[in-house]
Amino acid sequence: MIKIHLGLLAKQPVDLEGTEPAELLGVQPSSALTILSPLTYRLTARSVSNGALVEGEISYRIGGSCGRCLEEVEQTLRNAHLCLFYDNLPEEELDITDDVREEALLLLPMNLLCSPDCRGLCPQCGANLNQETCSCTSEPDQDSPWSALDQLQL
Ligand SMILES: [Zn+2]
Ligand SMILES: [Zn+2]
């Protein structure tokens with residue numbers, strides 16, 4: 001739980017540093033995506049005229065298989081400019097755990113890739129096109145029933 005003691009916050013900015021277990025994120029581990037590290041946070045909360053402002057950084061590591069070439073990938077996800085604002089503060093403690101979790105989940109990629117320009121696998125022979133070039137794309141299959149059609153001048 002990431003909580004801010006509001007009595008203290010009224011007097012001075014409050015630094016919040018630590019980790020939360022990966023299970024906090026509620027992501028079911030799979031071959032496509034697993035959370036590899038705890039969620040690390042380094043935040044500063046300060047009192048502002050109409051509420052409280054929490055700013056700082058969150059990060060964690062994920063792993064899985066690349067959505068195009070299936071290679072194992074590890075990535076650090078980071079939001080270095082987390083910014084949360086709270087008005088309607090409770091009496092004693094402000095629990096920001098849920099909001100930090102939501103911000104952390106926003107960092108998850110829709111499709112994990114080993115690199116943005118991953119070339120993936122050849123759909124015909126399965127070669128990893130990042131590591132080798134296959135001859136599939138350059139030489140059309142002569143036995144294909146379509147190759148005869150290709151030669152017709154339509
Ligand atoms: Zn890849
Ligand atoms: Zn190929």
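1. Two strands count as paired if DSSP finds at least two bridges between them. Helices (H or I, at least four residues) and strands (E, at least two) are themselves DSSP runs, numbered from the N terminus. The structure is a predicted model, in which local features need pLDDT of at least 70 and side-chain atom pairs count only at pLDDT 80 or more, while totals for chains, interfaces and linings use all residues. Residues are numbered from 1 along each chain as its sequence is written, and chains are lettered from A and ligands numbered from 1 in the order in which they are written.

2. Overall make-up. The protein chain has three helices and seven strands. Their order along the sequence is β-α-β-β-β-β-β-β-α-α. A residue is called buried if 20 or more other C-beta atoms lie within 10 Å of its own, exposed if 12 or fewer do, and partly exposed in between, with the C-beta atoms placed from the backbone. By that count, 12% of the 154 residues in the protein chain are buried. Two residues are in contact if their C-beta atoms, placed from the backbone, lie within 7 Å. Taking contacts in the protein chain between residues at least 6 apart in sequence, 56% join residues at least 24 apart.

3. Strand E5 and its partners. Which strands pair with E5? Strand E3 (residues 34-35) is one of them, joined to E5 by two bridges in an antiparallel arrangement. Here threonine 34 stands opposite glycine 63 of E5. Strand E4 pairs with E5 over nine bridges, also antiparallel, and leucine 43 has glycine 56 in E5 as its bridge partner.

4. The hairpin of E4 and E5. These two strands form a hairpin with two residues between them. Serine 49 belongs to the loop that links E4 and E5. Is serine 49 buried or exposed? Serine 49 counts as exposed because it has 4 C-beta neighbours inside 10 Å. The C-alpha atoms of serine 49 and aspartate 87 are 9.6 Å apart, although the two residues are 38 apart in sequence.

5. The hairpin of E5 and E6. Six residues lie between the strands of this hairpin. Leucine 70, in the loop between E5 and E6, has a positive phi of about 70° although it is not a glycine. Leucine 70 is partly exposed, because 16 other C-beta atoms lie within 10 Å.

6. Another positive phi. Asparagine 88 is not a glycine either, yet its phi is positive, at about 50°. Asparagine 88 sits in the loop between E6 and strand E7 (93-95). With 6 other C-beta atoms within 10 Å, asparagine 88 is exposed.

7. Leucine 53. This residue is part of strand E5 (residues 51-65). Leucine 53 has 14 other C-beta atoms within 10 Å and is therefore partly exposed. Leaving out residues up to four places away in sequence, leucine 53 touches Arg46, Val48 and Phe85. Between leucine 53 and proline 13 there are 9.6 Å in space, C-alpha to C-alpha, and the two are 40 residues apart in sequence.

8. The nonpolar core. A nonpolar core is a set of buried Ala, Val, Leu, Ile, Met, Phe, Trp, Tyr and Cys residues joined through C-beta atoms within 7 Å. In soluble globular proteins, nonpolar side chains tend to be buried together. How many residues has the largest nonpolar core? The largest one has 17 residues, and those with the most contacts inside it are Leu39, Tyr41, Ile96 and Val100. Strand E4 (39-48), E5 and helix H2 (97-106) are the elements that give two or more residues to this core. E5 gives the most, with five residues. Valine 100 touches Ile2, Tyr41 and Ile58, not counting residues up to four places away in sequence.

9. Strand E2. Why does strand E2 (residues 14-20) lie largely in the open? The number buried among its seven residues is zero, so E2 lies largely in the open. E2 is joined to E4 by seven bridges, and the two run antiparallel.
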